[in-house]
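How do you find your way through a folded chain? Take it one stop at a time, and keep the picture in view as you read.

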Amino acid sequence: MPQKILIVDDDELFRQGLSLAFHGDYDLYTAEDAETAPGMLENDGPFAVIVSDMQMPGLSGIDFLRKAATEAPDTVRILLTGYSDENTAVRGINEGRIFRYLTKPCSMEVVRAAVADAAEEFGLAEERARLEVELENCAYTDELTGIDNRRRFFEKGQEEYARAQRYGRPLTTMMLDLDHFKQVNDTHGHAAGDAVIREVSARIATRLREQDIFGRYGGEEFSILLIEVGARRAELVANRLCHAIAEAPVDTDAGPLDVTISIGVSELVSTDTSLAQVLARADEALYEAKAGGRNRARTAISNITKIKA
């Protein structure tokens with residue numbers, strides 16, 4: 001799709017000349033003054049490049065580009081003017097945060113080259129922004145499942161842990177582990193194992209609330225924080241999750257595989273000093289669930305008074 005370019009100039013012949021010069025290369029929009037151009041930013045944008053004359057009736061080109069720099073900061077801006085003094089150029093660069101400054105009269109070839117450079121700069125900036133988002137996702141998202149990774153789980157969880165302790169609100173953790181997962185990998189291969197992890201993660205995610213925190217703890221192990229939920233309700237959730245995994249086989253390239261999970265549950269108590277401490281109790285309960293036959297949930301027992309809702 002062609003990039004959008006906005007030309008703002010009160011010289012009709014100049015606008016027509018640029019329209020002909022850019023025909024077929026860009027999606028071109030024109031405005032005859034800086035008074036109407038701001039509305040185009042909102043209604044027709046985003047624009048890759050804005051080319052604006054400096055001296056026009058009413059709002060000046062510099063004032064418009066200053067406004068554009070605030071409302072559409074990613075747009076690359078070019079200023080045209082009949083003034084050739086250095087002070088004008090410096091003012092335009094500083095106030096309008098322009099990419100390039102062109103002095104009239106200038107040929108269409110010069111303007112065309114400047115716009116091409118500006119459009120390339122916009123494309124590079126878009127690519128940099130896309131890569132930054134990808135890098136951030138890689139830093140916080142588990143690549144296989146798309147859920148939070150361990151680092152992100154702890155960052156979010158630490159905030160909720162602090163809030164629950166501060167205000168005396170309930171918070172429950174779960175540690176989940178796939179039963180006999182090593183046998184899946186050894187018998188059916190790692191591709192089948194990956195398919196199982198993805199499907200288990202998806203089934204769990206659809207059965208949690210938006211405010212709950214769900215992450216891949218490592219390997220075939222997952223962790224959950226249930227916000228504003230005590231142990232009794234959490235036990236019901238854990239049993240539903242076990243049922244959701246066991247009720248239907250997981251489709252893999254090696255064929256459908258029966259899968260179950262075991263879950264350990266632990267509620268925040270008043271003497272806990274860290275989220276890791278709550279998770280450690282859930283991990284102990286997880287091992288009890290496995291020792292008790294797997295495909296079940298166990299809740300950590302504590303003699304310490306629980307935080308009450």
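Start at Pro-105, which sits in the loop between strand 5 (100-103) and helix 5. Keep in mind that this is a predicted model. Pro-105 is joined to Lys-104 by a cis peptide bond. Its omega angle is about -5°. Most peptide bonds are trans.

Most residues other than glycine have a negative phi. His-180 has a positive phi, near 55°. Find His-180 in the loop between strand 6 and helix 7 (181-188). His-180 is partly exposed, with a relative accessible area of 42%. Glu-228 also has a positive phi, near 60°. Look for Glu-228 in the loop between strand 8 and helix 9. Glu-228 is partly exposed, at 27% relative accessibility.

Stay with Glu-228 and turn to its side chain. Side chains of opposite charge can pair when their charged atoms come close. Which residue does the side chain of Glu-228 meet in a salt bridge? The partner is Arg-169, with 2.9 Å from N to O. Glu-228 lies between strand 8 (221-227) and helix 9 (231-246), while Arg-169 lies in the loop between helix 6 and strand 6 (171-178), so the bridge ties together parts that are 59 residues apart in sequence. Arg-169 is partly exposed, with a relative accessible area of 27%. The pair also belongs to a network of salt bridges, which links Glu-160, Arg-163, Arg-169 and Glu-228.

The count of salt bridges comes to 22. One of them joins Asp-142 and Arg-216, and the closest N and O atoms are 3.3 Å apart. This pair links distant parts of the chain. Asp-142 is in the loop between helix 5 (108-140) and helix 6 (150-167). Arg-216 is in strand 7 (residues 213-218). Asp-142 has 12%, so Asp-142 is buried. Arg-216 has 16%, so Arg-216 counts as buried.

Arg-203 forms a salt bridge with Glu-199, and the closest N and O atoms are 2.8 Å apart. Both residues lie in helix 8 (residues 190-205). They are 4 residues apart, which is about one turn of the helix. Arg-203 is buried, with a relative accessible area of 10%. Glu-199 is partly exposed, at 30%.

Next, go back to strand 7 and find Phe-214. Phe-214 is buried, with a relative accessible area of 9%. Which residues does Phe-214 contact, leaving aside its neighbours within four places in sequence? They include Ile-147, Asp-148, Phe-153, Ser-201, Ile-204 and Phe-222. Now pick out Val-110, which is 104 residues from Phe-214 along the chain. The C-alpha atoms of Phe-214 and Val-110 are separated by 55 Å.

Move on to strand 6, where Thr-173 is found. Is Thr-173 buried or exposed? Thr-173 has 1% relative accessibility and counts as buried. Leave aside its neighbours within four places in sequence, and Thr-173 is in contact with residues including Ile-224, Leu-225, Gly-264, Val-265 and Leu-275. Ile-224 is also among the contacts of Phe-214.

Helix 3 (residues 61-71) is the next stop, and it holds Ile-62. Ile-62 counts as buried, at 1% relative accessibility. Compare its place with that of Arg-97, which is 35 residues away along the chain. The C-alpha atoms of Ile-62 and Arg-97 are separated by 9.2 Å.

Which residues form a negative surface patch? Asp-10, Asp-11, Glu-12 and Glu-32 form it. Glu-12 is in helix 1 (residues 12-21). Glu-12 is partly exposed, with a relative accessible area of 48%.

Definitions and conventions: Residues are numbered from 1 along each chain as its sequence is written. This is a predicted model: local features need pLDDT of at least 70, side-chain atom pairs count only at pLDDT 80 or more; totals for chains, interfaces and linings use all residues. Side-chain values use heavy atoms; hydrogens and water are left out. Patches are made of residues with over 30% relative accessible area and no salt bridge: like charges are joined within 9 Å, nonpolar side chains (Val, Leu, Ile, Met, Phe, Trp, Tyr) within 5 Å. Accessible areas come from the Shrake-Rupley method with a 1.4 Å probe; for residues, only the protein chains shown count as cover. A salt bridge is a side-chain nitrogen of Lys or Arg within 4 Å of a carboxyl oxygen of Asp or Glu. Lys and Arg count as positive and Asp and Glu as negative; His and the chain ends are not counted. The place of a charge is taken as NZ of Lys, CZ of Arg, CG of Asp or CD of Glu. Helices (H or I, at least four residues) and strands (E, at least two) are DSSP runs, numbered from the N terminus. Buried means under 20% relative accessible area, exposed over 50%, partly exposed in between (1.4 Å probe, protein chains only). Contact means heavy atoms within 4.5 Å.
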